[in-house]
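Welcome, and thanks for opening your viewer. Please load the structure shown here and keep the selection tool at hand.

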Amino acid sequence: MQYYSLNKNAPTVSFEQAVRNGLASDRGLYFPENIPQLAPDFLSRLAAMTIEDMAVEVMQPYVGNSLTEAALREIVSATLCFDFPIQPVSEHIGSLELYHGPTLAFKDVGARFMARCLGHFIAGDASAKKTTVLVATSGDTGGAVADGFLGVEGIDVVILYPKGKVSPLQEKQLTTLGKNITALEVDGVFDDCQDMVKTAFLDDAIKQQRQLTSANSINVARWLPQMLYYFIAYKQLHEQHKDIVFAVPSGNFGNLCAGMMAWKMGLPIKHFVACTNSNKVVPEYLQSGNYAPKKTIPTISNAMDVGAPSNFIRIQEIVANNFKALKAILSGFSYSDSATRAAMQSLRTECDYVAEPHGAIGYLGLEAYFKQAGDTSSYGVFLETAHPIKFAEEVETTLDIKLEFPAQVAGIMAAKKQAISIATYADLKAFLMD
Ligand SMILES: *Cc1c(COP(=O)(O)O)cnc(C)c1O
(Lines give C-alpha, C1' and ligand atoms only; values in the text may rest on other atoms or scores of the structure.)
Protein backbone atom coordinates (compact mmCIF):
# COMPACT_ATOMS: atom_id res chain seq x y z
CA MET A 1 0.00 0.00 0.00
CA GLN A 2 1.24 3.48 -0.93
CA TYR A 3 0.17 6.70 0.75
CA TYR A 4 -0.18 10.07 -0.98
CA SER A 5 -0.25 13.55 0.47
CA LEU A 6 -3.62 15.31 0.48
CA ASN A 7 -1.77 18.47 -0.58
CA LYS A 8 -0.86 16.48 -3.75
CA ASN A 9 2.65 17.88 -3.90
CA ALA A 10 4.85 15.18 -2.33
CA PRO A 11 6.00 11.71 -3.38
CA THR A 12 3.87 8.69 -2.46
CA VAL A 13 5.41 6.57 0.30
CA SER A 14 5.06 3.17 1.96
CA PHE A 15 3.29 2.66 5.29
CA GLU A 16 6.68 2.63 7.01
CA GLN A 17 7.68 5.98 5.51
CA ALA A 18 4.28 7.51 6.23
CA VAL A 19 4.61 6.48 9.88
CA ARG A 20 8.16 7.75 10.17
CA ASN A 21 7.40 11.05 8.40
CA GLY A 22 4.14 11.77 10.20
CA LEU A 23 3.31 14.58 7.82
CA ALA A 24 4.29 14.63 4.11
CA SER A 25 7.02 16.99 2.90
CA ASP A 26 4.38 19.39 1.51
CA ARG A 27 2.77 19.50 5.02
CA GLY A 28 -0.19 17.43 3.77
CA LEU A 29 -1.81 14.50 5.59
CA TYR A 30 -1.15 11.04 4.19
CA PHE A 31 -4.05 9.03 2.76
CA PRO A 32 -4.02 5.43 1.42
CA GLU A 33 -3.91 5.21 -2.37
CA ASN A 34 -6.96 2.97 -2.34
CA ILE A 35 -9.39 1.88 0.35
CA PRO A 36 -9.16 -1.91 0.57
CA GLN A 37 -12.41 -3.87 0.37
CA LEU A 38 -13.33 -6.58 2.87
CA ALA A 39 -13.22 -10.12 1.50
CA PRO A 40 -16.67 -11.20 0.16
CA ASP A 41 -17.03 -13.80 2.92
CA PHE A 42 -15.71 -11.51 5.70
CA LEU A 43 -19.09 -10.83 7.30
CA SER A 44 -20.13 -14.48 7.28
CA ARG A 45 -16.87 -15.42 9.03
CA LEU A 46 -17.06 -12.58 11.53
CA ALA A 47 -18.93 -14.31 14.35
CA ALA A 48 -16.41 -17.16 14.49
CA MET A 49 -13.29 -14.98 14.25
CA THR A 50 -11.22 -13.87 17.21
CA ILE A 51 -10.81 -10.12 17.61
CA GLU A 52 -7.11 -10.51 16.95
CA ASP A 53 -7.63 -12.40 13.66
CA MET A 54 -10.19 -9.84 12.60
CA ALA A 55 -7.85 -6.94 13.42
CA VAL A 56 -4.95 -8.50 11.51
CA GLU A 57 -7.16 -9.06 8.47
CA VAL A 58 -8.46 -5.47 8.57
CA MET A 59 -5.06 -3.82 9.05
CA GLN A 60 -3.00 -6.06 6.74
CA PRO A 61 -3.68 -4.23 3.45
CA TYR A 62 -2.87 -0.88 5.06
CA VAL A 63 0.57 -1.92 6.29
CA GLY A 64 1.33 -3.76 3.04
CA ASN A 65 4.94 -4.91 2.83
CA SER A 66 6.08 -2.71 5.71
CA LEU A 67 5.35 -5.43 8.28
CA THR A 68 5.31 -9.20 8.00
CA GLU A 69 2.07 -10.84 9.06
CA ALA A 70 3.82 -12.16 12.18
CA ALA A 71 5.07 -8.68 13.10
CA LEU A 72 1.63 -7.17 12.50
CA ARG A 73 0.03 -9.88 14.63
CA GLU A 74 2.42 -9.20 17.49
CA ILE A 75 1.70 -5.46 17.33
CA VAL A 76 -2.06 -5.98 17.15
CA SER A 77 -1.99 -8.40 20.04
CA ALA A 78 0.00 -5.99 22.22
CA THR A 79 -2.33 -3.15 21.21
CA LEU A 80 -5.68 -4.81 21.92
CA CYS A 81 -4.87 -6.08 25.38
CA PHE A 82 -8.13 -4.97 27.02
CA ASP A 83 -11.92 -5.14 26.57
CA PHE A 84 -14.28 -2.96 24.54
CA PRO A 85 -17.67 -3.69 26.13
CA ILE A 86 -20.97 -2.21 24.99
CA GLN A 87 -23.05 -1.24 28.03
CA PRO A 88 -26.78 -1.11 27.27
CA VAL A 89 -28.10 2.29 28.28
CA SER A 90 -31.63 1.96 26.94
CA GLU A 91 -33.48 -0.51 24.73
CA HIS A 92 -31.87 0.69 21.53
CA ILE A 93 -28.82 2.59 22.73
CA GLY A 94 -25.51 1.26 24.00
CA SER A 95 -22.30 2.89 25.22
CA LEU A 96 -19.18 1.51 23.57
CA GLU A 97 -16.68 1.91 26.38
CA LEU A 98 -13.30 2.57 24.84
CA TYR A 99 -11.73 3.44 28.16
CA HIS A 100 -10.63 0.15 29.65
CA GLY A 101 -7.05 0.49 28.45
CA PRO A 102 -4.00 1.23 30.60
CA THR A 103 -4.56 5.01 30.75
CA LEU A 104 -8.38 4.87 30.64
CA ALA A 105 -8.53 6.83 27.37
CA PHE A 106 -9.61 5.68 23.92
CA LYS A 107 -6.33 7.01 22.58
CA ASP A 108 -4.59 4.00 24.12
CA VAL A 109 -5.26 1.93 20.99
CA GLY A 110 -3.81 4.41 18.52
CA ALA A 111 -0.88 5.28 20.78
CA ARG A 112 0.05 1.65 21.43
CA PHE A 113 -0.20 0.69 17.78
CA MET A 114 1.84 3.65 16.59
CA ALA A 115 4.50 3.20 19.28
CA ARG A 116 5.03 -0.43 18.36
CA CYS A 117 5.12 0.24 14.62
CA LEU A 118 7.65 3.04 15.03
CA GLY A 119 9.74 0.97 17.44
CA HIS A 120 9.73 -1.92 14.95
CA PHE A 121 10.83 0.28 12.03
CA ILE A 122 13.60 1.98 14.02
CA ALA A 123 14.90 -1.34 15.33
CA GLY A 124 15.21 -2.53 11.72
CA ASP A 125 17.21 0.56 10.66
CA ALA A 126 20.78 0.69 11.97
CA SER A 127 21.31 4.22 10.60
CA ALA A 128 18.27 5.66 12.39
CA LYS A 129 18.94 8.77 14.45
CA LYS A 130 17.71 8.84 18.02
CA THR A 131 13.98 9.46 17.69
CA THR A 132 12.13 11.81 20.02
CA VAL A 133 8.38 11.98 20.20
CA LEU A 134 7.53 15.52 21.22
CA VAL A 135 3.99 16.24 22.42
CA ALA A 136 2.10 19.07 24.04
CA THR A 137 -0.91 17.99 26.06
CA SER A 138 -3.79 19.76 27.71
CA GLY A 139 -4.19 16.71 29.91
CA ASP A 140 -5.96 13.74 28.44
CA THR A 141 -3.82 12.80 25.43
CA GLY A 142 -0.34 12.89 26.90
CA GLY A 143 -0.92 9.97 29.26
CA ALA A 144 -1.92 7.59 26.47
CA VAL A 145 1.09 8.58 24.36
CA ALA A 146 3.49 8.30 27.30
CA ASP A 147 2.18 4.89 28.29
CA GLY A 148 2.03 3.65 24.69
CA PHE A 149 5.72 4.42 24.14
CA LEU A 150 6.92 3.38 27.59
CA GLY A 151 9.91 1.10 27.25
CA VAL A 152 9.95 1.15 23.42
CA GLU A 153 13.65 0.89 22.40
CA GLY A 154 15.18 3.72 20.40
CA ILE A 155 12.47 6.27 21.19
CA ASP A 156 12.40 9.02 23.81
CA VAL A 157 9.17 10.78 24.67
CA VAL A 158 9.11 14.38 25.83
CA ILE A 159 5.77 15.71 27.04
CA LEU A 160 5.00 19.36 27.70
CA TYR A 161 2.06 20.18 29.94
CA PRO A 162 0.79 23.43 31.45
CA LYS A 163 1.60 23.77 35.13
CA GLY A 164 -1.46 23.64 37.36
CA LYS A 165 -3.84 23.16 34.42
CA VAL A 166 -4.15 19.35 34.33
CA SER A 167 -6.01 17.21 36.85
CA PRO A 168 -4.06 15.46 39.65
CA LEU A 169 -4.60 12.04 38.02
CA GLN A 170 -3.55 13.34 34.61
CA GLU A 171 -0.42 14.87 36.09
CA LYS A 172 0.52 11.59 37.78
CA GLN A 173 -0.01 9.74 34.50
CA LEU A 174 2.44 12.08 32.79
CA THR A 175 5.09 12.39 35.46
CA THR A 176 5.50 9.04 37.17
CA LEU A 177 6.43 6.64 34.37
CA GLY A 178 10.19 7.30 34.20
CA LYS A 179 12.33 5.24 31.77
CA ASN A 180 12.20 6.84 28.30
CA ILE A 181 9.45 9.31 29.25
CA THR A 182 10.27 12.86 30.39
CA ALA A 183 7.65 15.36 31.51
CA LEU A 184 8.31 19.08 31.16
CA GLU A 185 6.09 21.24 33.35
CA VAL A 186 5.62 24.52 31.53
CA ASP A 187 4.98 27.76 33.35
CA GLY A 188 2.19 28.80 30.96
CA VAL A 189 -1.01 27.58 29.32
CA PHE A 190 -1.59 24.80 26.79
CA ASP A 191 -1.13 27.15 23.83
CA ASP A 192 2.36 28.02 25.12
CA CYS A 193 3.23 24.30 25.18
CA GLN A 194 1.83 23.87 21.69
CA ASP A 195 3.77 26.88 20.36
CA MET A 196 7.04 25.60 21.82
CA VAL A 197 6.51 22.19 20.19
CA LYS A 198 5.75 23.78 16.83
CA THR A 199 8.88 25.94 17.05
CA ALA A 200 11.03 22.93 17.89
CA PHE A 201 9.77 21.08 14.80
CA LEU A 202 11.13 23.93 12.66
CA ASP A 203 14.48 24.25 14.51
CA ASP A 204 17.31 22.88 12.33
CA ALA A 205 19.82 22.79 15.18
CA ILE A 206 17.59 20.39 17.10
CA LYS A 207 16.76 18.36 14.01
CA GLN A 208 20.46 17.73 13.39
CA GLN A 209 20.68 15.96 16.71
CA ARG A 210 17.35 14.21 16.92
CA GLN A 211 14.66 12.88 14.65
CA LEU A 212 11.58 14.66 15.99
CA THR A 213 8.15 13.17 15.51
CA SER A 214 4.66 13.90 16.77
CA ALA A 215 2.13 11.36 17.95
CA ASN A 216 -1.25 12.80 17.10
CA SER A 217 -3.94 11.41 14.80
CA ILE A 218 -2.20 13.01 11.82
CA ASN A 219 0.07 9.95 11.90
CA VAL A 220 -1.50 7.07 9.95
CA ALA A 221 -0.40 4.56 12.58
CA ARG A 222 -2.40 6.40 15.21
CA TRP A 223 -5.37 7.15 13.00
CA LEU A 224 -6.04 3.88 11.16
CA PRO A 225 -6.18 1.33 14.03
CA GLN A 226 -9.16 3.29 15.40
CA MET A 227 -11.15 1.56 12.64
CA LEU A 228 -11.02 -1.48 14.86
CA TYR A 229 -13.48 0.00 17.40
CA TYR A 230 -16.21 -0.10 14.77
CA PHE A 231 -15.37 -3.64 13.71
CA ILE A 232 -15.25 -4.79 17.33
CA ALA A 233 -18.61 -3.16 18.08
CA TYR A 234 -20.19 -4.49 14.89
CA LYS A 235 -18.97 -7.99 15.74
CA GLN A 236 -20.69 -7.77 19.12
CA LEU A 237 -23.98 -6.47 17.74
CA HIS A 238 -24.56 -7.78 14.24
CA GLU A 239 -26.33 -10.98 15.19
CA GLN A 240 -29.07 -9.11 17.10
CA HIS A 241 -29.23 -5.84 15.17
CA LYS A 242 -29.47 -5.15 11.47
CA ASP A 243 -29.03 -1.39 11.33
CA ILE A 244 -26.31 0.18 13.44
CA VAL A 245 -25.68 3.90 13.91
CA PHE A 246 -22.49 5.25 15.52
CA ALA A 247 -22.32 8.59 17.34
CA VAL A 248 -18.78 9.85 17.78
CA PRO A 249 -17.74 12.63 20.19
CA SER A 250 -15.28 14.52 18.01
CA GLY A 251 -12.51 17.08 18.27
CA ASN A 252 -9.82 16.49 15.68
CA PHE A 253 -12.11 13.98 13.91
CA GLY A 254 -9.54 11.19 13.69
CA ASN A 255 -11.85 8.70 15.37
CA LEU A 256 -14.91 9.47 13.25
CA CYS A 257 -12.80 9.50 10.12
CA ALA A 258 -11.49 6.04 11.00
CA GLY A 259 -15.09 4.83 11.40
CA MET A 260 -15.89 6.11 7.94
CA MET A 261 -12.90 4.19 6.57
CA ALA A 262 -14.36 1.01 8.08
CA TRP A 263 -17.65 1.81 6.36
CA LYS A 264 -15.89 2.47 3.04
CA MET A 265 -14.18 -0.92 3.35
CA GLY A 266 -17.62 -2.50 3.39
CA LEU A 267 -18.60 -2.70 7.06
CA PRO A 268 -22.40 -2.25 6.96
CA ILE A 269 -22.82 0.86 9.11
CA LYS A 270 -26.09 2.68 8.55
CA HIS A 271 -25.12 6.17 9.64
CA PHE A 272 -22.60 8.26 11.61
CA VAL A 273 -23.29 11.20 13.89
CA ALA A 274 -20.57 13.80 14.48
CA CYS A 275 -21.07 15.10 18.02
CA THR A 276 -19.24 18.20 19.22
CA ASN A 277 -19.21 20.77 21.99
CA SER A 278 -19.37 24.48 21.14
CA ASN A 279 -16.44 23.97 18.77
CA LYS A 280 -18.89 23.12 16.02
CA VAL A 281 -17.26 23.80 12.68
CA VAL A 282 -18.24 20.38 11.27
CA PRO A 283 -21.92 20.33 12.35
CA GLU A 284 -22.18 23.86 10.94
CA TYR A 285 -20.59 22.75 7.70
CA LEU A 286 -23.11 19.93 7.38
CA GLN A 287 -25.89 22.50 7.80
CA SER A 288 -24.60 25.22 5.52
CA GLY A 289 -22.02 23.69 3.19
CA ASN A 290 -19.63 26.41 4.32
CA TYR A 291 -16.45 25.25 6.10
CA ALA A 292 -15.29 27.96 8.49
CA PRO A 293 -12.63 27.00 11.07
CA LYS A 294 -12.72 29.12 14.22
CA LYS A 295 -10.69 29.96 17.28
CA THR A 296 -10.98 27.28 19.94
CA ILE A 297 -13.60 27.78 22.66
CA PRO A 298 -12.82 26.19 26.07
CA THR A 299 -15.47 23.73 27.33
CA ILE A 300 -15.90 21.00 29.97
CA SER A 301 -15.30 18.36 27.26
CA ASN A 302 -11.86 19.83 26.69
CA ALA A 303 -10.36 16.92 24.73
CA MET A 304 -12.67 18.07 21.93
CA ASP A 305 -11.78 21.76 22.10
CA VAL A 306 -10.57 22.02 18.52
CA GLY A 307 -11.52 24.94 16.30
CA ALA A 308 -9.87 23.65 13.11
CA PRO A 309 -10.03 19.82 13.04
CA SER A 310 -7.06 18.37 11.15
CA ASN A 311 -8.74 15.16 9.99
CA PHE A 312 -11.72 16.79 8.32
CA ILE A 313 -9.81 16.85 5.04
CA ARG A 314 -9.53 13.06 5.22
CA ILE A 315 -13.30 12.76 5.68
CA GLN A 316 -13.74 14.86 2.54
CA GLU A 317 -11.40 12.54 0.67
CA ILE A 318 -13.37 9.44 1.74
CA VAL A 319 -16.48 10.83 0.05
CA ALA A 320 -14.49 12.28 -2.88
CA ASN A 321 -15.44 15.82 -1.81
CA ASN A 322 -19.08 15.13 -2.56
CA PHE A 323 -21.23 17.13 -0.12
CA LYS A 324 -24.42 15.19 -0.89
CA ALA A 325 -22.69 11.86 -0.35
CA LEU A 326 -21.30 13.14 2.94
CA LYS A 327 -24.72 14.29 4.17
CA ALA A 328 -26.18 10.89 3.31
CA ILE A 329 -23.82 9.08 5.72
CA LEU A 330 -23.05 11.78 8.33
CA SER A 331 -25.15 14.06 10.52
CA GLY A 332 -23.77 16.54 13.02
CA PHE A 333 -24.95 18.10 16.28
CA SER A 334 -23.29 20.35 18.84
CA TYR A 335 -23.98 20.98 22.52
CA SER A 336 -23.26 23.59 25.17
CA ASP A 337 -21.76 22.76 28.55
CA SER A 338 -25.15 23.12 30.25
CA ALA A 339 -26.77 20.67 27.80
CA THR A 340 -23.85 18.30 28.40
CA ARG A 341 -24.35 18.44 32.17
CA ALA A 342 -28.10 17.91 31.80
CA ALA A 343 -27.43 14.81 29.68
CA MET A 344 -24.98 13.44 32.27
CA GLN A 345 -27.71 13.89 34.88
CA SER A 346 -30.49 12.26 32.88
CA LEU A 347 -28.22 9.35 31.91
CA ARG A 348 -27.56 8.87 35.61
CA THR A 349 -31.16 9.15 36.85
CA GLU A 350 -33.03 7.57 33.95
CA CYS A 351 -30.53 5.00 32.67
CA ASP A 352 -28.41 4.41 35.77
CA TYR A 353 -25.32 5.16 33.71
CA VAL A 354 -22.37 7.37 34.64
CA ALA A 355 -20.97 9.15 31.60
CA GLU A 356 -18.28 11.81 31.48
CA PRO A 357 -18.82 14.95 29.34
CA HIS A 358 -17.45 13.60 26.01
CA GLY A 359 -19.60 10.46 26.08
CA ALA A 360 -22.64 12.47 27.16
CA ILE A 361 -22.28 14.59 24.03
CA GLY A 362 -22.20 11.41 21.96
CA TYR A 363 -25.41 10.25 23.62
CA LEU A 364 -27.12 13.59 22.93
CA GLY A 365 -26.12 13.49 19.27
CA LEU A 366 -27.46 9.97 18.89
CA GLU A 367 -30.85 10.86 20.40
CA ALA A 368 -31.05 13.97 18.22
CA TYR A 369 -30.32 11.97 15.09
CA PHE A 370 -32.93 9.32 15.90
CA LYS A 371 -35.49 12.05 16.43
CA GLN A 372 -34.57 14.03 13.34
CA ALA A 373 -34.50 10.95 11.09
CA GLY A 374 -37.63 9.46 12.67
CA ASP A 375 -35.53 6.32 13.11
CA THR A 376 -37.06 3.96 15.67
CA SER A 377 -35.63 0.64 14.49
CA SER A 378 -31.82 1.09 14.41
CA TYR A 379 -29.48 0.28 17.27
CA GLY A 380 -27.41 3.29 18.29
CA VAL A 381 -23.94 3.17 19.77
CA PHE A 382 -22.24 6.20 21.24
CA LEU A 383 -18.52 6.01 21.83
CA GLU A 384 -17.56 6.69 25.45
CA THR A 385 -14.03 7.97 24.93
CA ALA A 386 -12.77 8.42 28.49
CA HIS A 387 -13.31 6.91 31.91
CA PRO A 388 -15.37 9.19 34.20
CA ILE A 389 -12.43 9.29 36.64
CA LYS A 390 -10.40 11.19 34.01
CA PHE A 391 -12.89 14.03 34.43
CA ALA A 392 -13.61 13.28 38.08
CA GLU A 393 -14.16 16.81 39.28
CA GLU A 394 -16.79 17.58 36.64
CA VAL A 395 -18.54 14.20 37.01
CA GLU A 396 -18.59 14.25 40.82
CA THR A 397 -19.94 17.81 41.01
CA THR A 398 -22.53 17.38 38.25
CA LEU A 399 -23.83 14.05 39.53
CA ASP A 400 -23.16 14.55 43.23
CA ILE A 401 -21.39 11.20 43.52
CA LYS A 402 -17.95 9.98 44.55
CA LEU A 403 -16.06 7.91 41.96
CA GLU A 404 -13.78 5.04 42.80
CA PHE A 405 -10.29 4.75 41.36
CA PRO A 406 -10.16 1.88 38.85
CA ALA A 407 -7.45 -0.76 39.25
CA GLN A 408 -5.30 0.58 36.38
CA VAL A 409 -4.58 3.82 38.21
CA ALA A 410 -5.06 2.88 41.85
CA GLY A 411 -1.33 2.84 42.53
CA ILE A 412 -0.39 5.87 40.51
CA MET A 413 -1.61 8.54 42.92
CA ALA A 414 0.99 7.44 45.45
CA ALA A 415 3.85 7.39 42.93
CA LYS A 416 6.35 10.24 43.00
CA LYS A 417 6.01 13.06 40.46
CA GLN A 418 9.13 13.73 38.40
CA ALA A 419 9.05 16.73 36.09
CA ILE A 420 11.46 19.35 34.82
CA SER A 421 10.18 22.91 35.08
CA ILE A 422 10.60 25.12 32.03
CA ALA A 423 9.30 28.57 31.11
CA THR A 424 10.63 29.54 27.69
CA TYR A 425 11.49 28.06 24.32
CA ALA A 426 15.17 28.51 25.16
CA ASP A 427 14.65 26.14 28.12
CA LEU A 428 13.08 23.52 25.85
CA LYS A 429 15.86 23.87 23.29
CA ALA A 430 18.55 23.55 25.93
CA PHE A 431 16.89 20.36 27.15
CA LEU A 432 16.60 18.86 23.66
CA MET A 433 20.17 19.77 22.66
CA ASP A 434 21.65 18.26 25.77
C1 LIG B 1 -9.17 12.90 21.78
C2 LIG B 1 -10.50 12.76 22.42
C3 LIG B 1 -11.70 12.93 21.71
C4 LIG B 1 -11.75 13.39 20.27
O5 LIG B 1 -11.23 12.47 19.36
P6 LIG B 1 -10.84 12.94 17.88
O7 LIG B 1 -10.35 11.73 17.20
O8 LIG B 1 -9.78 14.00 18.04
O9 LIG B 1 -12.07 13.51 17.26
C10 LIG B 1 -12.91 12.70 22.36
N11 LIG B 1 -12.93 12.34 23.66
C12 LIG B 1 -11.80 12.19 24.39
C13 LIG B 1 -11.92 11.82 25.81
C14 LIG B 1 -10.55 12.38 23.79
O15 LIG B 1 -9.44 12.22 24.52
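What follows is a short walk from the ligand, through some aromatic rings, to a few charged residues.

This is a predicted model, in which local features need pLDDT of at least 70 and side-chain atom pairs count only at pLDDT 80 or more, while totals for chains, interfaces and linings use all residues. Residues are numbered from 1 along each chain as its sequence is written, and side-chain values use heavy atoms, with hydrogens and water left out.

**Stop 1: the ligand**

Now show the backbone of Asn252, Phe253 and Gly254. A polar backbone atom of Asn252 is 2.8 Å from an oxygen atom of the ligand, and for Phe253 the distance from a ligand oxygen to a polar backbone atom is 2.8 Å. At Gly254, a polar backbone atom lies 3.2 Å from a ligand oxygen. Taken alone, the ligand exposes 390 Å², and the protein buries 96% of that (areas by the Shrake-Rupley method with a 1.4 Å probe).

**Stop 2: aromatic rings**

Next, display the side chains of Phe, Tyr and Trp. Rings, for Trp the six-membered one, pair if their centres lie within 6.5 Å; planes under 30 degrees apart count as stacked, over 60 as edge-to-face and the rest as tilted. The count comes to 18 aromatic pairs.

Pick Tyr353 and Phe382: this pair is edge-to-face, with 6.5 Å centre to centre and 80 degrees between the planes. The two residues are 29 apart in the chain, with Tyr353 in the loop between helix 16 (337-351) and helix 17 (357-373) and Phe382 in strand 13 (residues 379-384). Helices (H or I, at least four residues) and strands (E, at least two) are DSSP runs, numbered from the N terminus. Tyr353 and Phe382 are both buried, where buried means under 20% relative accessible area, exposed over 50% and partly exposed in between (1.4 Å probe, protein chains only).

Then select Tyr369 and Phe370, a tilted pair at 6.0 Å centre to centre and 45 degrees between the planes. Both of these residues are buried. For a group of rings, select Phe82, Phe84, Phe106 and Tyr229, which ring pairs link into a cluster.

**Stop 3: charged residues**

Bring up Trp223 and Arg314. Arg314 lies over the face of Trp223, 4.1 Å from the ring centre; the rule asks for NZ of Lys or CZ of Arg within 6 Å of the ring centre and within 35 degrees of the ring normal.

Is Glu185, your next selection, buried or exposed? Glu185 counts as buried because its relative accessibility is 9%. Glu185 lies in strand 8 (residues 181-186), and its side chain makes a polar contact of 3.1 Å with that of Lys417. Such a contact is a pair of N or O atoms within 3.5 Å; within protein, one must be able to donate a hydrogen and the other to accept it, and residues adjacent in sequence count only if both atoms are side-chain atoms.

Finish at Lys8, in the loop between strand 1 (2-5) and strand 2 (13-14). Lys8 has a positive phi of about 60 degrees although it is not a glycine.
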